[in-house]
Amino acid sequence: MEGQVSVGTTQVEGRCVVAQKETQNLTDEMVEMISDIGIRFSDLTIAEEVGTGDIEEQLKELEKKILLRDSDKLPIQDRVLPQVSEHLKDVNEVWELSEVLRLLCLSNEDEKHNELLNFAEITLQMAMERLEDEFVQLLTQCCKPLEPDSMSLHSAEEDSMENFSNSSFDEESVEAMSHSDTARESENVVIDLINHGLISDITAIANLMCVCNYEKECCQAYVIVRKDAVEECLSVLQFDRFNIEEVLKMGWNVLHRTIDKWKQAMQVFVRVCLARERHLCDLVFGELPGSIREPCFVDISNSSILQLLSIAMAIALAPPKPEKLFQTLNTYEVLSDLLVDMEHFLPEDYGSGILTECHEVLLRLKESVSGTIEEFKYNIQSSISYTAFPGGGVHHLTKYVMNYIKALSAYGETLGSVLEGQQGTDQSAVMEDGDRETSSNQSPLAWHLKSVTKILEANLAHKSQLYSDVSLQSIFMMNNVCYMVDKVKQSDLRNFFGDEWIRVHIVMFQKHARDYERASWTSVLSFLKEEGIRRTSSRNPSSMVLKDRFRGFNHAFEEVYNTQTAWSVPNAGLRDDLTISVSTKLIQAYRIFESRHAGYLDGERHREKYIKYSPDELEEYLLDLFAGSPRSLQSQRR
């Protein structure tokens, strides 16, 4: 009994029992083992005194109880819970007896001990198979059914989200989106989804299987059941599975719907399904080492997460198109936000593969955003027109660009992060006169937005050259620059462009307005000058010269009227300012000229042919200008 024995490695019913390779005191080892497993044999001597007959009788009794339970086909929910505990107690006793027999076999070579040990192992394996079935059934029912409505994390932001296609930017109604953090409801949802009444039995089974060296079977069963539950989660969300190639081939409308579904599915999957599985895994394997618990959780979630990430990767790899930028940004924001949750759920040692993939997708999305913004700039620069825009109004390109960047401003924080360090080095490409900001003291997004408007201004300048009328060139530039200023002043763009940019561009469109006045009205006003109307030999003006002056004024005014009533100044305030400015100069000059010289034509035949309009009538006619509907003055007064 007190002798020293050297033991090797034994194989019992296909399961490897690793014995000690070092020589140890067998009695001390057996006493420690017997004490640890809590059986009633206090030491090996007592065990031998009890005899193999008693152990054999106990094993047969336990086998009978296990077989009897194996024939019980009642559903889990119909069983009395204490029966589960009683069954676990029986299995535990089989394992404890097998451990005692193993020690007895090590102490001597009694054939009977070997036979009983083999019988105990067979009984234990049979019990474990039944226990595994029970484990699977309990795991299947430990969580409440998932309902689509209860899993929705839909926000008001998504309800108001526009489909930012090219055409949507032609409309004035495009509003910049407001972002708000998605409500995190997952914690309460997770607690509600788990049936805690079954957790104690599930945990007890998991602990017993692992103690009995059946951790592999336990983990495999757990992963299979919970992985199916995760797959069901995606199915309930009605999320279709696509590979990268299929996503890249999608048309815009299909892709838009797919991305919207992805955003919803990703948020619910991580904050409801993944959170639930993390919580459940911690409950079931909480008393076991992390080397058992963590691989289970990673195996459950790995394939579904990678499937969802493949959609985001496809979005990132798609050719850069400006109309897709907002969905790319939305995808980046959702994934970036959820990465915090996943880093909390996934252990660094075991989940590094998934987290690395997430970071890779985010990097590709950032590259896609940067590339799309450059593509957007190129599209503006390369937008070529072959005919002048009718009426000199606000060009579709101006509306498109300004509404586009207005919508981009809602992503200020995200774009600031994505574009960090990507300001250009050539400040002359984007800086305005009087604007002394440099790339070091303005945000990356501000730099890019100013770059966009600078490119737009250059394009508009080229388009203005399509007008043969210099006055209409000025009207066109005035309208478009004024539109740009209004968009900046009346939106969050002001935070990026600043007051200095606004001041410079107000001065710019006012200059275009003055250029228009000079080009359109200088020739008209020239007929109202005092120079040259008097003969050298007389103090009175020449009636012939006066007739020519009034006739020339009428013709010039009518020509401007007939032409410029078809022109457009959409901004009502700008139109009023322009009309008042012209009226102040023109009507005052005409009123003075008429009051001084109309009397010299009294008695002349067809006097009304020369003095056709009163100052008040001219003032009224000026109100018809820039309405966008052509009119013609008749030869007679209204």
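At 34% relative accessibility, Arg494 counts as partly exposed. This value, like the others here, is computed from a predicted model. The partner of Arg494 in a salt bridge is Asp499, which is exposed at 51%, since exposed means over 50%.

The model has 22 salt bridges in total.

| Salt bridge | N to O distance |
|---|---|
| Glu277 and Arg226 | 2.7 Å |
| Lys263 and Asp260 | 3.2 Å |
| Arg494 and Asp499 | 3.1 Å |

What does the pair Glu277 and Arg226 tie together? Glu277 belongs to helix 12 and Arg226 to helix 10 (residues 215-236), so the bridge joins parts that are 51 residues apart in sequence. Glu277 has a relative accessible area of 0% and is buried. Arg226, at 2%, is buried as well.

The pair Lys263 and Asp260 sits within helix 12, with the two residues 3 apart, about one turn of the helix. Here Lys263 is buried at 4% relative accessibility, whereas Asp260 is partly exposed at 30%. Salt bridges also link Arg278, Asp282, Arg293 and Glu294 in a network.

Beyond its neighbours within four places in sequence, Phe557 is in contact with Trp521, Val524, Leu586, Leu618, Tyr621, Leu622 and Leu633. In soluble globular proteins, nonpolar side chains tend to be buried together.

How values were computed: Residues numbered from 1 in each chain as written. Predicted model: local features only at pLDDT ≥ 70, side-chain atom pairs only at ≥ 80, totals over all residues. Heavy atoms only, no water. Contact = heavy atoms within 4.5 Å. Salt bridge = Lys/Arg side-chain N within 4 Å of Asp/Glu carboxyl O. Helix = DSSP H or I, 4+ residues; strand = E, 2+ residues; numbered from the N terminus. Buried < 20%, exposed > 50% of the residue type's maximum accessible area, 1.4 Å probe, protein only.
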